[in-house]
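Please have the model open in a viewer with residue selection ready. The stops below can be taken in order.

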Amino acid sequence: MRFLVDEDVPQEAVEYLRQRGHTVLLSRDLLAPATPDEVVAKLADDEAAILVTCNAKDFKALLAKIPPGGRQTYRFASRITLENCQGPWAKRRLAQLIESIEFEFTAAQARHDKRLLMWIRQQRFTIER
């Protein structure tokens, strides 16, 4: 799988995804600091990557099944939103759920809309369908 990791995600999570064998692009290496969310979403779309972010509010609206206004701008970018990025929490939750993430992403590839839109919280995770 191919991930684009937003600048707010801890390095431990990046290292975990790489150790798992996934391609990991870092927005902080490819874009200027504080780049607008729309540009980050466009990069994820161009790369057909899963955007991993802690920016729940903005990216939930940008990368949604049916975005505000009903027009889907980003057709290839998936999204994993981490509810809490304090310390090692993000890495721990990704490690706990990586098999589910890989399974759900593979399943999404068989659908018309191939994007995985997932929200990871402290006690549960949800997938937007």
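The model is predicted, so local features need pLDDT of at least 70 and side-chain atom pairs count only at pLDDT 80 or more, while totals for chains, interfaces and linings use all residues. Residues are numbered from 1 along each chain as its sequence is written, and side-chain values use heavy atoms, with hydrogens and water left out.

**The cores**

Select Val5, Leu17, Ile80, Leu82, Ile101 and Ile120: these have the most contacts inside the largest nonpolar core, which has 26 residues. A nonpolar core is a set of buried Ala, Val, Leu, Ile, Met, Phe, Trp, Tyr and Cys residues joined through side-chain atoms within 4.5 Å. Buried means under 20% relative accessible area, exposed over 50%, and partly exposed in between (1.4 Å probe, protein chains only).

Next colour the elements that give two or more residues to this core: strand 1 (2-5), helix 1 (11-19), strand 2 (23-26), strand 3 (50-53), strand 4 (78-82), helix 5 (89-108) and strand 5 (117-120). Helices (H or I, at least four residues) and strands (E, at least two) are DSSP runs, numbered from the N terminus. Helix 5 supplies the largest share of this core, seven residues.

Zoom in on Val5. Leaving aside neighbours within four places in sequence, Val5 is in contact (heavy atoms within 4.5 Å) with Val14, Leu17, Val24, Leu25, Leu26, Ser27 and Val52. A second, separate core of 14 residues includes Leu4, Leu43, Ala44 and Leu63.

**Val40**

Select Val40 in helix 3 (residues 37-46). Val40 is buried, at a relative accessible area of 4%. Not counting residues up to four places away in sequence, Val40 touches Leu4, Asp6, Leu31, Thr35, Leu51 and Phe59.

**Arg121**

Move to Arg121, in the loop between strand 5 and strand 6 (125-127). Is Arg121 buried or exposed? Arg121 is buried, with a relative accessible area of 18%. Apart from neighbours within four places in sequence, Arg121 is in contact with Glu83, Trp89, Arg93 and Thr126. Show the side chains of Arg121 and Thr126: a polar contact of 3.2 Å joins them. A polar contact is a pair of N or O atoms within 3.5 Å; within protein, one must be able to donate a hydrogen and the other to accept it, and residues adjacent in sequence count only if both atoms are side-chain atoms.
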